[in-house]
Amino acid sequence: MTSIHRVPNSAGIGLRLAHLAEMVATRPSIGWLEIHPENFLANPHAHELLTELAAYVPISVHTVGISIGSASGIDRLHLKRIRSLVDEIDPILVSGHLAWSTYGKEYLNDLLPLPYNPESLRLVAAQVHEVQDSLGRPYLVENPASYVGFSSSTMKETEFLSELVRRTGCQLLCDVSNIVVSAHNMDSDANDYINEFPASAIGEIHLGGFTPEEDPAIPGAELWIDTHAAAIAARSWDLYAYATRRFGAKPTLIEWDNAIPSLTTLLAEAAHADKIAQAITLEMRYADVG
Ligand SMILES: [Fe+2]
């Protein structure tokens, strides 16, 4: 199944309920919008406005509740609800995190990490297959922001994602800001991560703000938290430029979920992402010619 809309290689913004009415009323120029389906499933008015928007602007669906990393299986009832919304609005992309948020019937309002080893890879691959079979389209799996490592991990995150792509044919959502946050917290190199990332599988990029907090485990040190509550940091813009040089321009989303600013601010962040990607695309084209 393919959307009536083409996937644009330009920037979009995360559509939050606070801006929904303004978006419908003013129809600002934007490449695409990404929604969290969980905000619309039990809200008939929001659902109706979303249907109106979907007729003229490409929509991407970014689910936070399928829980593909859960050892007790994915939430099938939730997947069924997502499928009916996907069938209705025909999104350009459907994605979710490499994480877990449910265990049995317990729903945890967080995206929790998993170890990277052959056993967890088998589990996640089977669950990605199940999601893709149900939705009838590729699923994009997003690299998480990391705060801890597991002694049972035997693979790097980039190796795990590469193997997941090979086994399932899924695509990847490369969250550049998550890479910045993880590199700081785990004392690793963000550029190396980009170099190792399976470039050909990338269908989307995310950029979001993070918040430095005092690290409770190391006095005097900072832990960077992926809050989506701030403007995109200079370090993330720099890594975005580096990633665009390596991957080429990709559909790029501005994520801002807490302390939400005006729609104008979000559109300006998207315009800035477009400016960076366009400048690099031009630079690469001239380099090819020269
Ligand atoms: Fe993200």
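User: How are helix 4 and helix 5 oriented to each other?

Analyst: This is a predicted model, in which local features need pLDDT of at least 70, side-chain atom pairs count only at pLDDT 80 or more, and totals for chains, interfaces and linings use all residues. Residues are numbered from 1 along each chain as its sequence is written, and side-chain values use heavy atoms, with hydrogens and water left out. Helix 4 (residues 118-135) and helix 5 (residues 157-168) pack with their axes 10 Å apart, at an angle of about 45 degrees. Angles under 35 degrees count as roughly parallel, over 145 as roughly antiparallel, 65 to 115 as roughly perpendicular and the rest as oblique, so helix 4 and helix 5 are oblique.

User: At what angle do helix 6 and helix 8 pack?

Analyst: Helices here are DSSP runs (H or I, at least four residues), and strands are runs of E with at least two, numbered from the N terminus. Axes are lines fitted to C-alpha atoms, for helices over the stretch in contact, and angles run from 0 to 180 degrees between N-to-C directions. Contact means heavy atoms within 4.5 Å; Val176, Ser177, Ile179 and Val180 in helix 6 meet Arg235, Ser236, Leu239, Tyr240 and Ala243 in helix 8. The axes of helix 6 (residues 176-186) and helix 8 are 9 Å apart, and the packing angle is about 120 degrees.

User: How many aromatic pairs does the whole structure hold?

Analyst: Rings of Phe, Tyr and Trp (its six-membered ring) pair if their centres lie within 6.5 Å; planes under 30 degrees apart count as stacked, over 60 as edge-to-face and the rest as tilted. By a search of the whole structure, the number of aromatic pairs is five.

User: Which residues do ring pairs link into a cluster?

Analyst: Tyrosine 193 and phenylalanine 197 form a tilted pair, 5.8 Å centre to centre with 35 degrees between the planes. Phenylalanine 197 also forms a tilted pair with phenylalanine 247, at 6.2 Å centre to centre and 50 degrees between the planes. This second pair links distant parts of the chain, 50 residues apart: phenylalanine 197 is in the loop between helix 7 (190-196) and strand 9 (202-208), and phenylalanine 247 is in helix 8 (residues 234-247). The cluster linked by ring pairs is Tyr193, Phe197 and Phe247.

User: Is phenylalanine 247 buried or exposed?

Analyst: Buried means under 20% relative accessible area, exposed over 50% and partly exposed in between (1.4 Å probe, protein chains only). Phenylalanine 247 has a relative accessible area of 9%, so this residue is buried.
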